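Have the structure open as you read.

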Amino acid sequence: MMNKQINSNTKPKLSVGPIQYFWPKAKVIAFYQQVAESAIDIVYLGEVVCSKRLEMKFEDWLEIGRQLTAKGKSVVLSSMTLIEAGSELSRMRRVCEQEEFCVEANDFGAIEILSQKNKNFITGASINIYNERSLELLSQQGMTRWNLSVELGKDQLAKLHQHRPNGVETEVLVWGRLPLAYAARCFTARAHNLPKDQCQFKCIEDPDGLVMKTREQQDFLCLNGIQTQSALTCNLLPELEVMKTLNVDVLRISPQSEHTFEVIEAFAQALSAPENIEHLNSKQQQHAPSGLCDGYWFGQSGMDLHQANSQSIRL
Amino acid sequence: MELVCPAGNLPSLKAAVDNGANAVYIGFKDETNARHFAGLNFNEKSAQAGLTYAKDRGVKVFAAINTYAQGGDFIKWQNAVDLAADLSIDALILADIGVMDYACDKHPDLRLHLSVQASATNPESLAFYLRNFNIQRAVLPRVLSIKQVEQVLQATSVPIEVFGFGSLCVMVEGRCLLSSYATGMSPNTFGACSPASAVQWQEKPNDILETRLNHVLIDRFEKGEKAGYPTLCKGRFEVNKNTYYALEEPTSLNTLSILPGLFNMGVAAIKVEGRQRSPAYVAQVTSIMRQAIDAAQSNRENFQTKAEWMGELQKVSEGSQTTLGAYHRPWQ
């Protein structure tokens with residue numbers, strides 16, 4: 001197992017997280033064709049939010065995975081986050097039981113299946129790891145990489161890294177609307193006055209989710225079916241040097257309908273030429289649909305913007 | 001079917017015991033429990049007094065240590081587990097696998113219940129906690145339809161507790177970060193949702209009242225409208241130019257009408273939410289739930305909810321209205 005202490009000079013890898021939204025199949029395929037040619041090292045694939053979204057079948061995801069593998073990408077299949085119906089349980093089992101790709105567990109049910117099969121796994125940010133003892137326990141069950149909860153910041157990460165088990169990589173979401181909550185209720189269907197069972201797949205009309213504003217027109221949250229996200233986009237580009245010091249192994253970029261590849265390019269360039277970070281960061285704002293935030297990373301409210309250009313804090 | 005009732009302090013504990021609870025759950029005075037509110041909860045002395053009172057009357061006491069131990073601060077959760085063990089608490093209600101691991105190691109004879117904050121909604125997830133920590137019961141999140149609850153019961157050997165009455169979490173518990181997004185404090189990290197320290201009530205001209213959470217406008221009440229506490233998911237927001245309760249109305253869960261069904265499918269216990277509520281609330285809800293459970297158990301075929309029960313429960317509900325929540329598919 002590699003020792004994290006002597007690994008501090010290597011560059012973190014870049015990953016693209018699973019698509020959170022419901023996109024038409026053609027858009028998904030085009031997106032991953034572009035990912036194949038990008039600076040991305042690791043690609044997470046699969047539907048993680050709603051089992052009713054069936055533009056992409058299980059075999060379609062496997063096929064994309066094979067194509068990306070052929071292009072030298074490391075491919076991971078992501079399991080669903082909230083498991084309610086029997087069909088969702090079956091789908092989770094299918095993802096965990098395939099032998100071709102590593103799996104990102106987004107529910108403890110997936111961890112159970114994978115560890116019982118003695119398969120190594122990665123945990124997504126919705127698996128609650130808040131302390132060193134949890135990290136150790138999941139490492140013993142076969143966890144080889146974990147995603148920091150989006151509500152934790154660098155001070156908490158530093159504390160957990162003091163006791164990080166050997167062979168466990170750390171991944172941090174550095175760009176994207178933050179996944180904040182999951183429910184039985186579909187909020188997109190509710191916004192259209194439709195029951196979930198007759199949702200008409202309305203969320204396909206919102207490729208970046210549906211913004212929920214306060215009555216003062218502040219973009220506050222973003223409705224994405226049964227998932228609630230932040231309206232603001234988390235951007236940790238200015239913190240890349242801190243991430244390297246903390247030995248973060250993987251930086252995750254969450255896909256959005258536009259500008260994802262400009263964002264990937266900005267992170268790739270920032271990793272190669274840290275002296276350009278300030279310049280690269282000056283363009284990040286225009287890639288975010290509702291503005292930027294980074295508060296969680298600094299131990300504050302998630303919606304805060306702590307960066308030097310903090311005059312744009314949205315209150 | 002066991003009736004499990006909340007107690008934020010000694011008078012509430014006594015109210016629950018006196019009105020027919022089979023078990024009472026409490027928390028200690030710090031962020032190790034999910035009702036970490038000023039002036040609430042138990043220290044060693046009051047917990048001991050509560051235990052004595054309950055046990056003398058044949059009622060069990062559970063301790064909720066159901067937040068997530070924060071990195072570098074594990075000792076607080078460790079101390080809470082040790083205190084509960086020293087007090088001979090009947091069961092610990094835990095959410096964090098690190099804390100469960102510690103409890104198993106240090107106190108192998110302690111009975112562990114899986115908190116709703118652990119977010120276990122399916123039999124595979126329950127199997128994880130059973131295999132690793134030998135949990136003796138699990139509280140299901142309030143996201144499953146009644147049919148899905150039954151499917152879980154059929155597929156697991158873990159006895160199941162479900163919520164029967166009280167404030168309704170719309171989001172799956174243990175995986176909701178809305179509160180920390182707005183205020184920096186969440187149930188997982190701090191033991192509170194939409195914490196009082198972040199709340200602002202602002203009177204505006206024309207008798208308009210605005211409620212805010214860390215400056216974010218959660219709701220605005222016109223003259224004559226009844227203003228409620230600004231719980232983040234129960235405010236009015238604007239989506240597609242419509243202003244409405246975009247996530248959920250201020251409402252409470254009430255399962256009286258489906259009690260026989262829960263009983264028939266083999267639910268082990270019914271939980272009442274509300275450690276933050278008054279002893280009068282605890283007394284009222286415990287008494288009605290006791291009567292309803294007894295009636296449902298003795299006459300499953302012809303059980304009917306009484307209008308007076310529903311009326312009384314409505315009075316102590318958020319926004320004076322109740323719902324079956326996710327149990328009832330159309331709500332979803």
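## Ground rules

This is a predicted model: local features need pLDDT of at least 70, side-chain atom pairs count only at pLDDT 80 or more, and totals for chains, interfaces and linings use all residues. Residues are numbered from 1 along each chain as its sequence is written, while chains are lettered from A and ligands numbered from 1 in the order in which they are written.

## Chain B overall

Chain B holds eleven helices and 15 strands; these are DSSP runs, H or I of at least four residues for helices and E of at least two for strands, numbered from the N terminus. Its C-alpha trace spans about 60 × 55 × 40 Å along the principal axes. Of the 332 residues in chain B, 55% are buried (20 or more other C-beta atoms within 10 Å of the residue's own, with C-beta atoms placed from the backbone).

## Where the chains meet

Helix α5 (residues 132-141) of chain A packs against helix α4 (residues 97-106) of chain B at about 85 degrees, axes 7 Å apart. Axes are lines fitted to C-alpha atoms over the stretch in contact, and angles run from 0 to 180 degrees between N-to-C directions. The two helices are therefore roughly perpendicular (65 to 115 degrees).

## A three-stranded sheet

In chain B, β8-β9-β10 form an open sheet with antiparallel pairing; strands pair if DSSP finds at least two bridges between them. β8 (199-204) and β10 (216-221) of chain B are at the edges, each with a single partner strand, so one side of each lacks a neighbour in the sheet. Five bridges join β9 (residues 208-213) of chain B to β10(B), and E210(B) has R220(B) as its bridge partner.

Note on methods: A residue is buried if 20 or more other C-beta atoms lie within 10 Å of its own, exposed if 12 or fewer, and partly exposed in between; C-beta atoms are placed from the backbone. Angles under 35 degrees count as roughly parallel, over 145 as roughly antiparallel, 65 to 115 as roughly perpendicular and the rest as oblique.
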